[in-house]
There are 2 protein chains.
Amino acid sequence: MESIRDAARREADHPQSQVVRFDADRPLRLDCGVSLSPLQIAYQTYGELNADRSNAIFVCHALTGDQHVANEHPVTGRAGWWTTLIGPGLPIDTTRYFVICSNVLGGCMGTTGPSSLNEATGRAWGIDFPLVTIPDIVRAQAMLVDHLGIDQLFAVIGGSMGGMQVLEWAASHSERVFAAMPIATTAKHSAQNIAFHEVGRQAVMADPDWSGGRYLDHGIVPRKGLAVARMAAHITYLSEPALQRKFGRELQDRERPTFTFDADFQIESYLRHQGSSFVERFDANSYLYCTRAMDYFDIAADHEGNLARAFQGTKTRFCVISFSSDWLFPTADSRAVVKALNAAAANVSFVEVSSDKGHDAFLLDEPEFFATARGFLAGAARARGLTEASEG
Amino acid sequence: MESIRDAARREADHPQSQVVRFDADRPLRLDCGVSLSPLQIAYQTYGELNADRSNAIFVCHALTGDQHVANEHPVTGRAGWWTTLIGPGLPIDTTRYFVICSNVLGGCMGTTGPSSLNEATGRAWGIDFPLVTIPDIVRAQAMLVDHLGIDQLFAVIGGSMGGMQVLEWAASHSERVFAAMPIATTAKHSAQNIAFHEVGRQAVMADPDWSGGRYLDHGIVPRKGLAVARMAAHITYLSEPALQRKFGRELQDRERPTFTFDADFQIESYLRHQGSSFVERFDANSYLYCTRAMDYFDIAADHEGNLARAFQGTKTRFCVISFSSDWLFPTADSRAVVKALNAAAANVSFVEVSSDKGHDAFLLDEPEFFATARGFLAGAARARGLTEASEG
C-alpha cells in the first residue's frame, strides 16, 4: 500500500508547475453535491500579465493533455502539446499575451484528482473521488483565475474536451470571457462518443490490476487495460484517409506476414506504441473520470434543451473552428454551436478548416487554423484595446 | 485441463448441423504452409438440390456469424442471422434454391478451429492452431462443395467477411461460380479496420484468463477481454446517425445521472449487453483467428497489386452492394471492386443502398437490398436456365 508520504510526494512532484491550494475555507461545490476540499490546482503560465490584467488567455487542455502546453513535458521530455500555436510570434503570441493553462480537476498532473491524497483516509482517493463535470472543471479554473487577480480573461481557447470547457466558460461565466475559441468540439457528447468512452472504461475496469479502482494502494497500475483504452480512442482521433496515407497495409520490418499475432502491420505497431507510451504518463482513474465528464457534457440540458438560451445576451466574441475530416467532433457539431450563437445574437465567426488529419488536426501543423486563430485574436485584441507588443 | 473426451464431445455437440470430415488423405494446405488434417466442416442446408445440381447457393457468413443462417440458433435460441433474406418466398427462395452455409475454418461452431481437438496433443489447439486466411477458408468451402457433388455453384453470397469470401471464390475459383454477390465488403482490409481489429485482439490477450491462448486447458474463458473487443467492434457496425436515433443521450431507467461509472446512458447498457451476450456464444481464439484472416485479406496483392487481374476473363455475373452509411466497409471499397471488375470486362451491376443503419444494414430489413438481391438472382437464374419453382 502506498504511504501517505509517497502520495504527498507524488502530488508535489511537479516542480515545473506552479501550484495553488484552496483549503477548507474555499471548498469547491461539485455538481454531484460533494464539497471538495482541499483543492490543489497545478498550472503553467507563459508571457507577462499586463498592468491592467487584460491580456490573459486561458488555454483548456483536452482529455489526455495537461498544463504543459508550451514547455517540455516533465514526464515524457517531449515538447508541449501546443507549441505549434503558442509561443513568441506564434498565433497565441507569448510576447503579447499572458497564457495560463492548468491541469483539469480530476487530472493526474498535480491538480486534485483520483490519484491525489484523500486526507480523510490517508490513501489515494481512487474510485472514491467524486465524479466531476465540465462545469466543475471550469469552476476550479475560475478559482485559479480569481487567485491570479484576473477579472476578465481576454480569451479562452481549447480543442476537444478543452473546447467543451471554452463553451462552458462562455455559457456560465460569460462576463469573464472577452473572446472564446472552441475548436473541434461539441456542446453535447454524442451517443457514438459515449460508446467509445464506455469501451475504454470497460477496458480499464476489466484489467484485474485496476483492483476495483484501488490499484495505487497496491503499488500497481492497470497497464494493459489502459493501453487498450488508449488504442481504441486513438483510432477515433485520426481520419481513415490519414491512416491510409500514413500506414495503409504496409508491413513493419518484414517482407511478408508472419502468420502469427505479432504486429505485422505498421498500424498495429503504431497503435501498440500509442497504448504503452500513454500508460507511462497517465493515470487510469483520471482517464475514467475525464471521459465521464465529457459524456455528461450537454450545455443545452441545463437550459431547457435550448442551446441558444445558454448564450442569451452574451457579449463574448466567438470563433468556432472545426476540421473537415474530424469524425469524432464533426463539423455538424460546431455548426450546431454556431446556429445557437446566431440565435442568441452573439458575435460569432466560424471556420471549417480543410484537413484530412481527423480530430487530431487541432494539435498539428494546420496553416489555415493558425491563420484563423491569429486573425481572430488580432481583431479581438483591437476591440479590447490591447496594444501591439511591437508598439508597447 | 479439458479431457480429450470433453473436447470431442464439444466438437460433436452441434446436432443441428451436418458435419463432413476430411482425414489425412485429404489435408488442407494452408497459406501459412501447414497441412491441416483432420479437417471437419459443420454446415447447414436449406431447400433441395435439383437434378442437374445447378441451383446451389453458397452463403458465406461474417466474422461472428455461423452456419445457422436460416434456422434457430442452437446456443442462443434466436432466429438465424439471415432469415430476412433466406427462406420460402424470400429473395433467396429456399423453394427454388439449395442453400448451403458452413461454419468457417477457424470458427467455433463445429468446423475445425482453435477450440477443436488437436489430435497430436490430445488438447484443444488453442493458439497452436495455424493462422488461416480468407483463401484458406474458401478452399475448405470448396472441399465441402466437392463433397456435395456440386461442380458449379449457382451463386455465392455474403456480407462483410462473407463478402470477402465471395470475392475470393470469384477470383480463385471463378469457373465454379455462376453468380457472385459481395455485400458491404472490400477487396482489401483498410488500415482503420486493421486498427480496430488489433484493439479487439489486444483486449482479448490483455485478459489474464486468456492464459496465453490456452484457456480451454484451464476450463476458463477470457470473458472480460472478449466482451471489450465485441463492444469496440459493435460501434463500428452501426452508423453515428443510427446510434443517435436509437439512443441519443437517453438515460436508462433513471431520471438523472448517478454520478458513478454505472451504465447511466442507454448506449452504455446496450453495449455492455452486446459484450456479455457475445461471450456466451463465441470462442475468444476464433475471434483472434477470424479477425486476422480479414486483416490479411488483399486480393490484389496476389496479382501484382492489380485487382482487375484477379478477375481477368471471368464469366461470373456480379452484383456488388454497399450501404450508404457503412463506414466500416464504405461504398468507396465496393466501387473499387466494381472498377476492377469493369476493367476485367466482367458482367457487373452495382447498387449503393440508401440506409442510415451502417454496416449492420446488410443483416437488417432493407427493402432496396432485398429487391436488388431478388432481381439479380432472378436474372441470373434465367441466364442459368433455372426454371421457376412455380413452373417446376
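Colleague: Is the crossing of α7(A) and α4(B) left-handed or right-handed?

Modeller: First, the ground rules. This is a predicted model, where local features need pLDDT of at least 70, side-chain atom pairs count only at pLDDT 80 or more, and totals for chains, interfaces and linings use all residues. Residues are numbered from 1 along each chain as its sequence is written, chains are lettered from A and ligands numbered from 1 in the order in which they are written, and side-chain values use heavy atoms, with hydrogens and water left out.

Modeller: Now handedness. A crossing is left-handed if the near helix is turned anticlockwise from the far one by less than a right angle, and right-handed if clockwise. The crossing of α7(A) and α4(B) is right-handed. Helices here are DSSP runs of H or I with at least four residues, strands are runs of E with at least two, and both are numbered from the N terminus.

Colleague: At what angle do α7(A) and α4(B) pack?

Modeller: Axes are lines fitted to C-alpha atoms, for helices over the stretch in contact, and angles run from 0 to 180 degrees between N-to-C directions. Angles under 35 degrees count as roughly parallel, over 145 as roughly antiparallel, 65 to 115 as roughly perpendicular and the rest as oblique. Helix α7 of chain A, residues 266–281, packs on α4(B) at about 50 degrees, and their axes are 9 Å apart. That makes α7(A) oblique to α4(B).

Colleague: How do α4(B) and α5(B) pack?

Modeller: Their angle is about 165 degrees, with the axes 7 Å apart. So α4(B) is roughly antiparallel to α5(B). α4(B) passes α5(B) in a right-handed crossing.

Colleague: And within chain A, at what angle do α4(A) and α8(A) cross?

Modeller: Roughly 160 degrees, and their axes come within 10 Å. That makes α4(A) roughly antiparallel to α8(A). The crossing of α4(A) and α8(A) is left-handed.

Colleague: On to voids. How many cavities of 30 Å³ or more does the structure hold?

Modeller: Definition first. On a 1 Å grid over the protein atoms alone, a cavity is a set of points where a 1.4 Å probe fits but cannot get out, and a pocket is an open set with protein on both sides within 12 Å along at least five of seven lines; lining residues have an atom within 4 Å of a point. Grid points are joined across faces, edges and corners, and a volume is the space filled by probe spheres set on the points. The structure holds 6 cavities of 30 Å³ or more. The largest cavity has about 130 Å³ of space.

Colleague: Which residues lie nearest the centre of the largest cavity?

Modeller: A:Leu63, A:His197, A:Thr236, A:Tyr237 and A:Leu328, out of 16 lining residues. In chain A, α4 (191–206), α5 (223–237) and α8 (284–296) each supply at least two residues. α5(A) gives the most, with 5 residues. Domain 1 (4–190 + 298–391) and domain 2 (194–291) of chain A each contribute at least three; the bounds come from an automatic or database domain assignment.

Colleague: What classes of residue make up the lining of the largest cavity?

Modeller: Ala, Val, Leu, Ile, Met, Phe, Trp, Tyr, Cys and Pro count as nonpolar, Asp, Glu, Lys and Arg as charged, and the others, Gly among them, as polar. The lining of the largest cavity has 10 nonpolar, 6 polar and no charged residues.

Colleague: Which residues line the second largest cavity?

Modeller: Both chains take part: the lining includes A:Ala203, A:Asp207 and A:Lys224, as well as B:Ala203, B:Asp207 and B:Lys224. Its elements giving two or more residues are α4 and α5 of chain A, with α4 (191–206) and α5 (223–237) of chain B. By class, the second largest cavity has 6 nonpolar, 2 polar and 4 charged lining residues. Its space is about 100 Å³.

Colleague: Where does the second largest pocket lie?

Modeller: Domain 1 and domain 2 of chain A both give residues to its lining, so the second largest pocket lies between them. Its volume is about 1,000 Å³. Of its 34 lining residues, A:Arg78, A:Arg230, A:Arg281, A:Asp360 and A:Leu363 are the closest to its centre. α7(A) gives the most to this lining, with 6 residues. The classes divide into 12 nonpolar, 14 polar and 8 charged.
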